[in-house]
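Morning, everyone. Short talk today, one structure. Let me put it on the screen.

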Amino acid sequence: MTRKEIWYWMSGLSSWGGRTIQKLLKEFGSPEEIFASKKLPVTPAQQEEADEAKRKAVTFPEELRVWEQQGVRFLTQDEEEFPKRLAGLPDSPFFLFVKGSLPPPGPAVAVVGARKCTPYGIEQAEFFGRFLAEQGICVISGMALGVDGSAQWGALRAGGYTCAVLGTGIDVCYPASHRQLYEELEKSGGILSEYGAGAPPLPYHFPLRNRIISGLSDLVLVVEARKKSGSLITADWALEQGKDVLALPGRMGSPLNEGCNRLIRQGAGIVAEPEDVLRALGREKQDRKEAEEAELPPDEKEIWDCLGTDPKHLEQICRETGWEVGAVLLILLRLEMKEKVRQVGGNQYLRIL
Amino acid sequence: MYTKVNSMMVQGIDGLFISVETDVSAGLPEFSMVGYLSSEVREARERVRISLKNSGFALPPRRITVNLSPADLRKEGTSFDLAVALGILASYGHLPEQCLRRLAVIGELGLDGGVRPVPGVLSMVGAAKEAGVSGCIVPKENEAEGALVEEMAVAGVENLPEAVRLLQTPGAWQERIREPVWTPEDRPNYGEDFSEVNGQIALKRAAEVAAAGMHNLLMIGPPGSGKTMVARRIPTILPELTRKESLEVSKIYSVCGLLPPDRPLKTERPFRAPHHTASYQSLVGGGRVPKPGELSLANRGVLFLDELPEFPKVSLEVLRQPLEDRAVRISRVQGSYLFPADCMVVAAMNPCRCGYYPDRSRCQCGEAEVKRYLRRISRPLLDRMDLCVEAPAIGFEAVRAEGENETSAQIRSRVREAWERQRHRLRDAGIDCNAQMTGRHVKTYCRLDEQEESMMAHIFEKLGLSARAYYRILKVARTIADLDGEDKIMERHLGEALGYRGLEQRFWG
């Protein structure tokens with residue numbers, strides 16, 4: 001039984017958490033000793049599961065080979081490839097399942113936020129994903145609905161590297177509606193998880209995986225968060241790990257900005273312009289190909305000026321400009337074609353950053 | 001003695017000519033009725049016998065046989081009572097038989113000899129005219145309704161003795177003949193007007209476009225944004241009904257017993273708003289003896305489906321076929337019934353369960369929940385909604401705004417012009433509005449120039465629209481161009497039409 005197989009044995013024990021393994025390691029000294037021991041100082045249920053799994057140990061090499069065939073690597077902390085940033089953490093995972101590629105060396109930023117976010121949040125997340133990718137910075141996130149997914153899509157579209165840390169088994173696409181993102185990440189980014197085959201999205205998995213998200217990054221950027229939000233847990237982990245936390249400020253009184261504003265009050269960095277993130281990383285803005293602000297024709301300019309980063313309804317645009325519905329719709333369509341404007345919901349429009 | 005009296009019944013929404021044959025002869029005293037009768041017709045025997053007695057007609061005991069012919073057709077309804085009574089009186093010799101020959105008699109009897117109103121008089125009198133009858137005796141309450149049929153003498157009677165008197169006095173009949181009550185001044189009166197709607201510029205414009213092409217319209221918006229208010233006013237901007245259409249609409253209402261006796265001609269375009277708990281039979285029509293449903297009652301007008309996702313799936317699915325055919329066909333053992341259903345469907349819904357999506361400060365619905373809510377409406381039905389428009393929540397200043405709003409009459413005149421353009425263009429295609437165009441018609445009548453064609457191609461690729469959506473957008477663009485008075489579909493028309501494409505999947509999520 002190789003050490004890797006022993007780690008694999010432990011990865012399959014759903015009743016064993018990181019804490020249990022840590023305790024046992026302290027007591028027994030090495031994974032081999034734990035594996036050899038007949039009676040472990042654990043609960044009967046944990047003991048039973050461990051014994052049960054041990055009996056199947058002969059199939060481990062075969063199982064690992066099958067994983068390999070499916071494009072999943074099982075990495076343990078003893079291996080050279082295991083991410084250095086994680087290895088240094090006090091509660092580092094002992095092993096990881098990896099699909100796609102691991103984050104390349106270099107700066108990395110976690111972009112996290114609410115699942116039920118506003119169109120503004122989506123827009124910002126996607127913008128920062130794109131912006132960071134263009135600056136050659138890795139984007140780490142959790143592949144969740146809302147902010148997480150949008151940030152990762154942004155990075156993918158800009159051709160940058162992004163990796164998702166899952167709170168489910170490596171082979172589980174959660175949420176199911178992100179199947180396309182999952183496949184895209186597998187192809188041109190990375191997917192990590194400390195959970196093995198088919199682990200379900202249990203509520204306590206997510207706060208724990210957040211420590212990996214923050215651990216892999218130099219900086220955590222919170223886009224939108226409610227008062228009680230998983231993103232705030234990521235921020236807490238980041239502070240514990242000695243990483244910077246930045247937050248996007250929001251309007252007072254808006255429930256989706258409460259979390260961010262609170263972070264700022266507690267001392268998180270404020271992002272007033274995209275460059276703030278670079279500054280926090282101690283980097284200069286690389287000459288990002290300045291999108292030539294092609295001069296818009298006057299009519300398009302007027303409508304564009306009327307729009308903001310929050311969705312605005314056709315109705316209000318008509319009222320503010322005094323134009324007819326048909327004319328406004330035509331201009332909006334032109335702007336949409338130029339990717340200056342996006343339609344959200346039914347007839348609401350916002351600027352694309 | 002044998003006599004024959006003409007009477008009428010309703011089948012579906014059409015009147016049917018029925019002969020009531022009566023024979024009184026010697027034999028054991030008996031009153032029998034034959035002719036494939038349903039139970040309410042069979043019961044006429046008791047009503048007729050007692051009302052004759054209570055009206056003071058003494059009839060010596062004889063053998064009375066009544067036959068309703070054609071005998072192979074199931075007789076339904078209570079419209080034969082009066083004809084049976086008059087037939088018996090004629091057979092007994094109380095009435096000269098020839099006075100009944102060119103008349104049709106319609107009416108239900110009460111035990112006191114009173115004549116009660118029946119549904120469907122308009123259809124029956126209309127059919128009587130076609131059968132070559134020159135006069136009709138109808139219940140008093142239905143007199144005005146019957147009189148709508150031109151070149152037909154219609155007399156309303158309150159009770160049996162009055163009917164008998166009318167037939168016995170030669171001059172009395174002529175006096176009763178009334179001119180048709182239709183006058184061109186009989187303007188529709190809706191009691192509502194578009195000028196009462198403040199704000200909602202986009203919604204109002206979409207309503208105008210929908211009305212101009214009889215397109216189906218879907219309105220999405222938070223509660224209280226005025227969706228219902230606008231929907232109720234859509235009939236007011238549709239061009240007035242022609243006399244023929246008015247009669248067609250009135251006929252359906254008559255059959256359903258929904259015509260007010262004092263104002264029997266419906267000159268207003270119908271507006272029907274069935275509640276979402278309505279059964280599907282009540283929507284498309286049905287029953288053992290098929291009656292028109294809401295869809296047919298909305299014929300030539302507006303069928304408003306509020307809270308669209310709350311309608312049971314089966315109710316919405318049965319609407320699909322009739323919406324395509326503009327008619328409902330219901331089949332029963334005794335035959336099939338065809339009800340007209342040429343209406344525009346206006347539907348309203350909330351964007352999600354709570355109604356505030358995508359306003360995240362108020363809406364807590366998850367993406368999956370929003371999608372699930374929208375999925376309650378099937379795609380084929382959505383495909384029939386040519387225009388989708390979102391209504392924003394109304395701000396206070398918009399509600400308070402005192403500004404001059406356009407009146408329904410102003411909008412209506414534009415809509416009428418657009419209708420005329422369409423009629424003229426589509427005259428060879430056998431349809432009369434843009435909404436009825438099929439893919440083949442779109443290819444013929446909605447040609448794009450090279451420039452517009454390439455613009456559409458570009459947009460389609462970019463937005464990932466379906467071929468279905470393509471035709472829908474072209475149809476709507478055609479209507480917008482008609483409103484604009486243009487023969488060619490131009491970029492601005494396409495631009496606006498694309499603004500109403502609405503619920504394409506990718507914009508929700």
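Ground rules before more. This is a predicted model, where local features need pLDDT of at least 70, side-chain atom pairs count only at pLDDT 80 or more, and totals for chains, interfaces and linings use all residues. Residues are numbered from 1 along each chain as its sequence is written, and chains are lettered from A and ligands numbered from 1 in the order in which they are written.

Back to strand 14, residues 302–305 of chain B. Strands here are DSSP runs of E, at least two residues; helices are runs of H or I, at least four; both are numbered from the N terminus. Strands pair if DSSP finds at least two bridges between them. Strand 11 of chain B, residues 271–272, runs parallel to strand 14 of chain B, joined by two bridges. Strand 17 of chain B, residues 344–349, also pairs with strand 14 of chain B in the parallel sense, over four bridges. There, B:Leu303 has B:Val345 as its bridge partner.

Now the side chains of strand 14. B:Val302 and B:Phe304 point one way, B:Leu303 and B:Leu305 the other, and all are buried. Buried takes 20 or more other C-beta atoms within 10 Å of the residue's own, exposed 12 or fewer, partly exposed in between, with C-beta atoms placed from the backbone.

Next, a helix pair in chain B. Helix 2, residues 44–54, packs on helix 3, residues 81–92, at about 55°, axes 9 Å apart. Axes are lines fitted to C-alpha atoms over the stretch in contact, and angles run from 0 to 180 degrees between N-to-C directions. The two helices are therefore oblique: under 35 degrees is roughly parallel, over 145 roughly antiparallel, 65 to 115 roughly perpendicular, the rest oblique. From helix 2, B:Ala44, B:Arg47, B:Val48, B:Ser51 and B:Leu52 meet B:Asp81, B:Val84, B:Ala85 and B:Ile88 of helix 3. Contact means C-beta atoms, placed from the backbone, within 7 Å.

One more residue: B:Ile237, in helix 9 of chain B, residues 227–237. Why is B:Ile237 counted as buried? Because 27 C-beta neighbours lie inside 10 Å. Beyond four places in sequence, its contacts include B:Phe194, B:Glu208 and B:Val415.

Finally, chain A. Chain A has 16 helices and 12 strands. Its C-alpha trace spans about 80 × 40 × 35 Å along the principal axes. Of its 353 residues, 45% count as buried.

Technical notes:
Contact = placed C-beta atoms within 7 Å.
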